[in-house]
Amino acid sequence: VESETVAVLAEGTLALLLFADASRIDVRRLRSSIGIPARLLGIGLPLTIAMGTVLTALVLSDLSWAEAALVAAILAPTDAALGEAVVTNEAVPLRVRQALNVESGLNDGLVVPAVAIFVSLVVGAELGSPAEQLFDAVSEIAIGLGIGIAAAFVLARLTHWSMQRSWTDGEGYRLMTLGGAIAAFTLAELSDGNGFIAAFTAGLVLRILIGDPVDEQTELVEDLGQIAAAATFVVFGALLVVPAFDVLTLPVAACALGTLTIGRMIPVWIALLGSHLRLPTVAFIGWFGPRGLASMVFGLLLVQDERLEGPSDLFSVVVLVIVASIVLHGVTAA
């Protein structure tokens, strides 16, 4: 579990999937329905962390408030891979699919500062002034956005030059796009930025710059992301699931189910008040917030943090929520 290889596999997989998902978003159509993802991220996400903190602290009384908040922040982001059956199904209205896709693409990056702050609270580290915390959070997001945009512009220019001069073929374009996705994530991480935001931004901007042909260019990124996701979940299941069941109790099970149901659905309902969406649509959006790779990545980083004492118990709760999500969201997707 503490091997860096496992964390690198999970992080790289998430970056590829975020890039591929973002490249499928039609920004022109999204403009007419930007209100839904903006509400989910701006109102729903903070409320999900707040409600998850209260729920976890009340049900798992052995945890401190800081530990409960840390678990809630780790479990707040939704998963792009587990939600694919919904966001790619044309039977679902386009604006609902787009909203869920944008939400899953951005919420993992947005919770990174919260996870860092709660880890510091748990270990009792000095956080610095609120202004310093805010600056660090904004800086990390801004660097990720900047590098993602730059990577997309370079990739789009290379594509344009290659097409004009007939330098390569379809396979070459797909390899170039894979390189761009990896570069965006890696450069952001090396620059103390958020690699996940960089990968998602690069895919989104590339779609704007190139248009529909990007669908063919991102095929390799998407295929590798799916293969890596399968590998990640196999490793996840082999290494983590059985040990997590050693701490399975009735309160832990109640916490897991509560996190997946009222812990998300009530914040989503509040966030979408006044949006004129019908109740079945609100319930659909509220339910399809599966937890998977993003929570897995944050949990693995939690286990590897040498400053934390006994992080395995916290991570076991995260693991059980992910397992429950795989089963419950998997059987209800169709």
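Let's start with R264 and E103, whose side chains meet in a salt bridge, 2.9 Å from N to O. This is a predicted model, so treat that distance as computed from the predicted atoms. R264 sits in helix 13 and E103 in helix 6, which covers residues 94-123. The two are 161 residues apart, and the pair links distant parts of the chain.

How many salt bridges does a search of the whole structure find? The count is three. Another one joins the side chains of E216 and R174, at 3.6 Å from N to O. E216 belongs to helix 10 and R174 to helix 8 (residues 170-190), so this pair ties together parts that lie 42 residues apart in sequence. E216 has 48% relative accessibility, so it counts as partly exposed. R174 is partly exposed too, with a relative accessible area of 22%. Then there's the bridge between the side chains of D215 and R207, at 2.8 Å from N to O. Here D215 is partly exposed at 36% relative accessible area, while R207, at 11%, counts as buried.

Stay around helix 10 for a moment. In the loop between helix 10 (214-217) and helix 11 (219-244) you'll find T218.

Now for the nonpolar side chains. In soluble globular proteins, these tend to be buried together. The largest nonpolar core in this model has 58 residues, and L70, F236 and V319 have the most contacts inside it. Helix 16 (residues 311-332) gives the largest share of this core, with 10 residues. A second, separate core holds 16 residues, including L16, L155, L206 and V214. Back to F236: its contacts, again not counting residues up to four places away in sequence, are V241, M296, V319, I322 and V323.

Some nonpolar residues turn up on the surface instead. I43, I262, I266, W269, I270, L273 and L279 form a nonpolar patch there, with about 630 Å² of accessible area together. Helix 13 (residues 262-271) supplies the largest share of the patch, four residues. I43, on the other hand, is found in helix 3 (residues 35-59). At 38% relative accessibility, I43 counts as partly exposed.

Note on methods. Residues numbered from 1 in each chain as written. Predicted model: local features only at pLDDT ≥ 70, side-chain atom pairs only at ≥ 80, totals over all residues. Heavy atoms only, no water. Patch = residues over 30% accessible without salt bridge, like charges linked within 9 Å, V, L, I, M, F, W, Y side chains within 5 Å. Areas by Shrake-Rupley, 256 points an atom, 1.4 Å probe, with all protein chains shown as cover. Salt bridge = Lys/Arg side-chain N within 4 Å of Asp/Glu carboxyl O. Buried < 20%, exposed > 50% of the residue type's maximum accessible area, 1.4 Å probe, protein only. Core = buried A, V, L, I, M, F, W, Y, C linked by side-chain atoms within 4.5 Å. Contact = heavy atoms within 4.5 Å.
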